[in-house]
Each structure stands twice: as C-alpha cells, then as structure tokens.
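Reader: Hey, I've got a chain open on my screen and want to talk through how it packs. Can you walk me through it?

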Amino acid sequence: MIEWFDYRILDWFQTIHTPVLSHIFHWFTMMGEAGIVWIAIGILLLFPKHTRKTGIVVLLALLFCLITGNALLKNIVARPRPCWRHPEVELLISVPRDYSFPSGHTMSSFAAAVSIFLWDKRWGIPALSGAVLISLSRLYFYVHYPTDVAAGFVIGVLLAFVARGIVEGFFVRQKGKQRKD
C-alpha cells in the first residue's frame, strides 16, 4: 500500500517535467545540498545579538539532523532510493550515494525553517516556503520517496523543537546563575 502511494506520486512528478521546472527545482535541490544554505543562515544569525539565540537553535537542530538522520536512520533503515530501484528513469541530477530514508534535504530544511519561524514569522514563512520547495525537488528528481520526505518533515520539525527547548533551557539557567552572582 505504501509503495503504491509512493510510486503514484513519483510517477506524477515525472509527468510534469519541463525545462523551466527542472531549472527551478535544480536550484532548490542544490540549496539544500548538505544543508549548506541553512548552515550559512545559522552562522549569519549568530552575529547580531538579537538573533544569536536563533542562530544557535538553527545550528543545533542541524547537528541533530546530521546525527539522527544521516548517521543513524539512513544506515539502520537502509532503504534503497527509487532511482536505484528504477535505473531506467532518467535522472536530471547525479545519483546520490547514501540511502533514501529519511530525506536529509527535507529534514534539515524543516529543522532550520521551523527554528527560524519560531523566532520570527516574517522570516520563517519564506524559510518554510524554501523548505517545501527543496523537499518537492527531491520528488521531482526521483531521488526520494514521498514517505522519505514525510519522515524528513516530521523529524526535522521535532528536532527544531528539541533544539529550541535545549537552548531556551540553557539561557534560562544562565540568567538564573547571573542573578545569584
């Protein structure tokens, strides 16, 4: 049942390929590569004092994604990518070498975007929009199943909240220590 669902959606994405969409989605998939755009945003948020805490949350959430998704879940689940199972589908990007579940692009994008959204909705809405497009690009390019993307979304959102809770707790403890001194 899940496999049927996954392939129905992937097959639909194959029907909408156009040069313009391929160019747009290629740009978004590259933005999500290794979480580099989110890491850069997290680092930039560290500089102004009023965004420093958010920068820490973004970077911590991304670290949690690296550990949870790429180091653990991908290797434990070891789900082959759809492009590995169906090499007859012409890929418009290079074939990824790591396993499919969960989508690392999606997980890191939503971890960072939700972290930003929790800080400031004006910046969070464009970040979430970017995360959605990065996630859809993975389906468009036939390198992830929809269930990989859904799991990446859920895990990324959860890890954003975990990172925020840890950072908020740390800053509350620090503020309490300063008052005692």
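Reader: Let's start with α1 and α7. How are they oriented to each other?
Author: They are roughly perpendicular to each other, a label for angles of 65 to 115 degrees. The axes of α1 (residues 2-15) and α7 (residues 121-140) cross at roughly 90° and come within 8 Å. An axis here is a line fitted to C-alpha atoms, for helices over the stretch in contact, with angles running from 0 to 180 degrees between N-to-C directions.

Reader: Which residues make the contact?
Author: From α1 there are I9, L10, F13 and Q14, and from α7 there are L136, L139 and Y140. Contact means heavy atoms within 4.5 Å.

Reader: And how do those divide into nonpolar, polar and charged?
Author: For α1 with α7, 6 are nonpolar, 1 is polar and none is charged. In that scheme Ala, Val, Leu, Ile, Met, Phe, Trp, Tyr, Cys and Pro count as nonpolar, Asp, Glu, Lys and Arg as charged, and the others, Gly among them, as polar.

Reader: Before I go on, what kind of model is this?
Author: This is a predicted model, where local features need pLDDT of at least 70, side-chain atom pairs count only at pLDDT 80 or more, and totals for chains, interfaces and linings use all residues. Residues are numbered from 1 along each chain as its sequence is written, and side-chain values use heavy atoms, with hydrogens and water left out.

Reader: OK, zooming out. How many helices and strands are there?
Author: The protein chain has 8 helices and 0 strands. These are DSSP runs numbered from the N terminus: helices are H or I with at least four residues, strands are E with at least two.

Reader: What box do the C-alpha atoms fill?
Author: Roughly 65 × 35 × 25 Å, taken along the principal axes. Of the 181 residues in the protein chain, 44% are buried, meaning under 20% relative accessible area with a 1.4 Å probe, protein chains only. Among contacts with a separation of 6 or more, 77% are between residues 24 or more positions apart.

Reader: New topic, α6. Is it mostly enclosed or open, and why?
Author: Largely enclosed by the rest of the structure, because 13 of its 16 residues are buried.

Reader: Where does S109 sit, and what does its side chain reach?
Author: S109 is in helix α6, and its side chain reaches the backbone oxygen of H105 at 2.6 Å. Not counting residues up to four places away in sequence, S109 touches W38, A131 and I134.

Reader: Last one, where's S100?
Author: S100 lies in the loop between α5 (82-85) and α6. With 0% relative accessibility, S100 counts as buried. A polar contact of 2.3 Å joins the side chains of S100 and D148. Beyond four places in sequence, the residues that S100 touches include K74, R79, H144 and Y145.

Methods
Angles under 35 degrees count as roughly parallel, over 145 as roughly antiparallel, 65 to 115 as roughly perpendicular and the rest as oblique. Buried means under 20% relative accessible area, exposed over 50%, partly exposed in between (1.4 Å probe, protein chains only). A polar contact is a pair of N or O atoms within 3.5 Å; within protein, one must be able to donate a hydrogen and the other to accept it, and residues adjacent in sequence count only if both atoms are side-chain atoms.
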